[in-house]
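Welcome, and thanks for taking a look.

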Amino acid sequence: MADEAPFEIIRGEMSRGLVLLGDHATNRLPSRYGTLGLAESAFARHIAYDIGVEPLIRGLAARLDVPAVMSRYSRLLIDPNRGEDDPTLIMKISDGAIIAGNHPLSPEEAEARLQGFHRPYHRAVADTIAEVAEASGSTPLILSLHSFTPAWKGEPRPWHVTVLWDTDARAVLPLLAALREPGDVVVGDNEPYDGALRGDTLYRHCMETGMPHALIEVRQDEIGTPEGVAAWIDRLAPIFERLNARADLHRTERHPSRTGPYAA
């Protein structure tokens with residue numbers, strides 16, 4: 001894979017009808033950007049990526065034999081999970097860290113990052129979904145994996161795992177029920193963030209198109225070690241398998257967004 005490739009596609013059995021996504025899977029940068037003016041230590045923090053998500057996705061994709069698409073670069077360069085007009089698309093400051101390489105940013109450089117990284121990632125997502133739809137003969141189920149910090153501004157976050165969503169509850173409600181069933185983890189519903197974000201990955205590829213989907217956030221201390229990742233693969237894989245076996249999660253059904261009307 002070329003050094004500048006902005007995404008990675010993990011191949012799997014396309015006819016299974018399931019696609020995994022990782023918008024913030026890695027903390028890498030293309031070599032020409034250096035460290036964007038940050039200390040190297042910043043790239044071990046949540047500001048650079050979703051800690052634990054890359055090995056989690058790789059393990060789930062291998063266990064389930066399904067394809068996955070992951071962004072290959074840090075969200076500090078450009079955030080794949082934001083719309084092109086979102087003011088947080090290229091962050092100038094994140095959780096107290098000033099990103100000197102992003103400010104000032106010329107319109108030409110912003111456009112270069114869109115063309116070089118953001119748009120190719122979304123083309124890869126769209127192309128993979130289309131390939132899975134053709135191979136399976138039905139609407140794919142899309143599951144996006146993220147992680148969140150154990151605390152924010154000194155306040156502990158009690159949830160071990162959460163599910164974010166807008167208004168399409170088809171995959172969300174059975175997913176929440178399955179996560180809660182063992183009773184050994186605290187499960188959040190649209191915590192600590194709201195899943196209705198105009199222009200984000202699932203809005204663009206699922207809400208606008210009517211594909212069943214859900215965004216799963218695992219707390220970072222739960223998947224910060226290989227042992228933790230393995231435990232969550234064991235927990236999530238059979239849940240994803242059962243969801244994917246449901247015929248009602250392979251139908252196109254467009255739901256309105258809480259963010260407002262879709263563009264014409």
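Glu54 and Arg58 form a salt bridge, with their closest N and O atoms 2.9 Å apart. Both residues lie in helix α1, four residues apart, or about one turn of the helix. Please keep in mind that this is a predicted model.

**The salt bridges around Arg58**

- Arg58 also meets Glu8, and the side chains of these two residues form a salt bridge at 2.7 Å, N to O.
- Because Glu8 lies in strand β1 (residues 7-10) and Arg58 in helix α1 (residues 53-64), this pair ties together parts that are 50 residues apart in sequence.
- Arg58 is partly exposed, with a relative accessible area of 32%.
- Which residues are linked in the network of salt bridges here? They are Glu8, Arg28, Glu54 and Arg58.

**Another pair, and the total**

- Arg219 counts as buried, because its relative accessibility of 11% is under 20%.
- Asp221, by contrast, is partly exposed, with a relative accessible area of 44%.
- How many salt bridges does the structure hold? The count is 18, and the pairs described above are among them.

**The cavity**

- Rolling a probe the size of a water molecule over the atoms shows where empty space is left.
- A search of the whole structure finds one cavity of 30 Å³ or more.
- The largest cavity has a volume of about 60 Å³.
- Which residues line the largest cavity? The lining is made up of Pro6, Ser71, Tyr73, Ser74, Leu77, Ile78, Pro80, Phe117, His118 and Tyr121.
- Helix α2 (residues 107-136) supplies the largest share of this lining, with three residues.
- By class, the lining of the largest cavity has seven nonpolar and three polar residues, and no charged residues.

Definitions and conventions:
Residues are numbered from 1 along each chain as its sequence is written. This is a predicted model: local features need pLDDT of at least 70, side-chain atom pairs count only at pLDDT 80 or more; totals for chains, interfaces and linings use all residues. Side-chain values use heavy atoms; hydrogens and water are left out. A salt bridge is a side-chain nitrogen of Lys or Arg within 4 Å of a carboxyl oxygen of Asp or Glu. Helices (H or I, at least four residues) and strands (E, at least two) are DSSP runs, numbered from the N terminus. Buried means under 20% relative accessible area, exposed over 50%, partly exposed in between (1.4 Å probe, protein chains only). On a 1 Å grid over the protein atoms alone, a cavity is a set of points where a 1.4 Å probe fits but cannot get out, and a pocket is an open set with protein on both sides within 12 Å along at least five of seven lines; lining residues have an atom within 4 Å of a point. Grid points are joined across faces, edges and corners, and a volume is the space filled by probe spheres set on the points. Ala, Val, Leu, Ile, Met, Phe, Trp, Tyr, Cys and Pro count as nonpolar, Asp, Glu, Lys and Arg as charged, and the others, Gly among them, as polar.
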